[in-house]
Amino acid sequence: MQNVVQSEGMTLDPDDLDGLDEAILDYFTEGRDADDEPWGKATPTEVFRTLKERGVLDELGNPVRQTIQHRIQRFEVADHLENIHDTGSYRFVSDPRSED
């Protein structure tokens with residue numbers, strides 16, 4: 001069951017991002033520079049729980065898990081994250097904050 005309608009050509013620019021988007025992207029890119037740490041893969045629940053434990057969500061108005069899910073799906077539609085085999089586990093593809 002697909003929750004997001006695919007939209008060709010949707011892009012996200014740094015100006016389209018808010019604090020919650022930044023926190024989600026930061027989570028997906030943690031450990032990127034460490035050779036011995038896996039990085040770039042997570043479920044929306046994992047992202048939600050980790051950001052909540054760290055107090056990040058308190059600073060952002062306490063969004064619910066479904067909001068995190070929606071933001072992650074938006075990154076997927078824009079080709080910044082990939083839903084691995086439609087399992088709800090997402091893999092980092094690219095960062096809209098960089099020009100890479």
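First, the ground rules. The model is predicted, so local features need pLDDT of at least 70 and side-chain atom pairs count only at pLDDT 80 or more, while totals for chains, interfaces and linings use all residues. Residues are numbered from 1 along each chain as its sequence is written, and side-chain values use heavy atoms, with hydrogens and water left out.

Now the overall layout. The protein has four helices and three strands; helices (H or I, at least four residues) and strands (E, at least two) are DSSP runs, numbered from the N terminus. Along the sequence the order is α-β-α-α-α-β-β. Of the 100 residues, 39% are buried, meaning under 20% relative accessible area with a 1.4 Å probe, protein chains only. Among contacts with a separation of 6 or more, 58% join residues 24 or more positions apart; a contact is heavy atoms within 4.5 Å.

Next, helix H1, residues 19-29. Its axis comes within 11 Å of the axis of helix H2, residues 44-53, and the two cross at roughly 105°. Axes here are lines fitted to C-alpha atoms, for helices over the stretch in contact, and angles run from 0 to 180 degrees between N-to-C directions. H1 is therefore roughly perpendicular to H2, a label for angles of 65 to 115 degrees. On the H1 side, the contact uses Ala23, Ile24, Tyr27 and Phe28; on the H2 side, Glu46, Val47, Thr50 and Leu51. Sorted by class, that is six nonpolar, one polar and one charged residues. For the classes, Ala, Val, Leu, Ile, Met, Phe, Trp, Tyr, Cys and Pro are nonpolar, Asp, Glu, Lys and Arg are charged, and the others, Gly among them, are polar.

H1 also meets H4. Their axes come within 10 Å and cross at roughly 70°, so H1 is roughly perpendicular to H4 as well. Residues in this contact include Leu20 and Asp21 from H1, and Arg71 and Phe75 from H4.

Beyond its neighbours within four places in sequence, Ile68 touches Leu20, Ile24, Pro44, Val47, Phe48 and Leu57.

Notes. Angles under 35 degrees count as roughly parallel, over 145 as roughly antiparallel, 65 to 115 as roughly perpendicular and the rest as oblique. Buried means under 20% relative accessible area, exposed over 50%, partly exposed in between (1.4 Å probe, protein chains only).
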